[in-house]
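This report covers helix packing and a selection of individual residues. The chain under discussion is shown first.

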Amino acid sequence: MKYLFSFFIVLLFVDGLSAQNKNTPAFEPANTFAVVIGISNYENESINLNYANRDAQVFADYLQSKAGGSVPLENIRLLLDTNATTAAIYNALNWVRDKCDLNKIENEGKPALVYFYFSGHGDVETDTKANLGFLISFNTPPNNYLNNAIRIEDLNYYAHTMSVDLDANVIMITDACRSGKLAGSNNKGSFLVGKELSAAKEKEIRIASCNPNELSNEDERWGGGRGVFSYYLITGLKGLADKNNDNFVTLNEIKHYVDSCIATDQVLKESKLKQTPVLEGSQQFKLASVNKEELLETSRSLIVKSQPQSDHAIFFDLLKNNDKLESVKFDQLDKLPEKEIPFA
């Protein structure tokens, strides 16, 4: 079992939480910034992982796609393997905080969306009663985390600074063993009081891939080699989680989608593994807007069969797996080319 710790904090821009029409994006690319980190190959080779760096690369690619908001490449700082040192990660956190600060000055009324995504190892020190949580950077020495790794408390300080002082909406997403702690009161309630605490709660969303002391799992059978939570999170954000077909993916929808996928995943069942995602925040928060072309491509990529099937067979398999017959809009399907109907 790999102790995969994929952690990505999303400081998510939405221009207010008011209702948007179907043609309005969930956020604006120019105000979006990302720190994306993935470490499979560590300086301490004994803890190497298989797919953490690939999860990070896929997430960065998603952000640059239409489904991910077409985030400009210059707005993304991607740190993989040897480039993801402790110093480099803290420098990236300072960079993204400064971007939020500058954005507040230049674009008042349009808060920044900042993604911080970490895929790699995480651990909790047991030398003190505090049991502090850490992200393990490329050059973190074994069992020597203080001042040599990324403190979870520091990440929370950055998140609170950007959400309260710089008006960003914050989402912390943790694909990690022991990740349930990051979504709980241990890491939110003690830092802010009164008005500031209220503001942080409204602007911060936290998602953890599993309960405390559970493991996040990776396997080659998820997308050719991925972490299971990252795999389903990306497919959900690309539109498969859009249950009410309003062209947006909300926190509530991604919760139900990921819960359902992980609960029924055959790889986890065969290996007798359990993983329980934890999500906190405004359930109607719009995480993504749906791009129909990429949704179609994502639907196609998920149909993996050992023998070729007819379009009709695929169509009914999809209905059986998703139980969405009542939501099929046949008048709209009738306008599509025949080969597109099963996937649409």
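Predicted model: local features only at pLDDT ≥ 70, side-chain atom pairs only at ≥ 80, totals over all residues.

## Helices H1 and H6

Two packed helices are described by the angle between their axes and the distance between the axes. For helix H1, residues 52-64, and H6, the angle is about 10° and the axes are 11 Å apart. H1 and H6 are therefore roughly parallel to each other, since angles under 35 degrees count as roughly parallel.

On the H1 side the contact is made by Asp-55, Phe-59 and Tyr-62, and on the H6 side by Ser-230, Ile-234, Leu-237 and Lys-238. Sorted by class, the contact of H1 with H6 has four nonpolar residues, one polar residue and two charged residues.

## Helices H2 and H3

Helix H2 spans residues 86-106 and helix H3 spans residues 152-165; they pack at an angle of about 5°, with axes 10 Å apart. H2 and H3 are therefore also roughly parallel to each other.

H2 contributes Tyr-90, Leu-93, Asn-94, Val-96, Arg-97, Cys-100 and Lys-104, which meet Asp-154, Leu-155, Tyr-158, Met-162 and Asp-165 of H3. Seven residues in the contact of H2 with H3 are nonpolar, one is polar and four are charged.

## Cysteines

Zero disulfides are found in a search of the whole structure. Cys-100, one of the H2 residues that meet H3, has a relative accessibility of 1% and counts as buried. Cys-261 has a relative accessibility of 14% and is likewise classed as buried, because the cut-off for buried is under 20% relative accessible area.

## Gln-64

Gln-64 lies in helix H1, whose residue range is 52-64. Its relative accessibility is 33%, so Gln-64 counts as partly exposed. When neighbours within four places in sequence are left aside, Gln-64 is in contact with Ser-70, Val-71, Leu-73 and Ile-76.

Gln-64 can also be placed relative to Pro-29: the two are 35 residues apart in sequence, and their C-alpha atoms are 9.1 Å apart in space.

## Asn-247

Asn-247 sits in the loop that runs between helix H6 (228-240) and strand S11 (248-250). With a relative accessible area of 16%, Asn-247 is buried, because that class takes in values under 20%. The side chains of Asn-247 and Lys-292 are joined by a polar contact of 3.0 Å.

Asn-147 is a residue other than glycine with a positive phi, near 70°. The loop that holds Asn-147 runs between strand S5 (133-136) and strand S6 (150-151). Asn-147 has a relative accessible area of 75% and is therefore exposed, the cut-off for that class being over 50%.

Asp-167 is not a glycine either, and its phi is positive at about 65°. Asp-167 is placed in the loop between H3 and strand S7 (170-175). The relative accessible area of Asp-167 is 31%, so this residue is partly exposed.

Notes. Residues numbered from 1 in each chain as written. Heavy atoms only, no water. Helix = DSSP H or I, 4+ residues; strand = E, 2+ residues; numbered from the N terminus. Buried < 20%, exposed > 50% of the residue type's maximum accessible area, 1.4 Å probe, protein only. Polar contact = N/O pair within 3.5 Å; in protein donor to acceptor, adjacent residues only side chain to side chain. Disulfide = S-S within 2.5 Å. Axes fitted to C-alpha atoms, helices over the stretch in contact; angles between N-to-C directions. Parallel < 35°, antiparallel > 145°, perpendicular 65-115°, else oblique. Contact = heavy atoms within 4.5 Å. Nonpolar A, V, L, I, M, F, W, Y, C, P; charged D, E, K, R; others polar.
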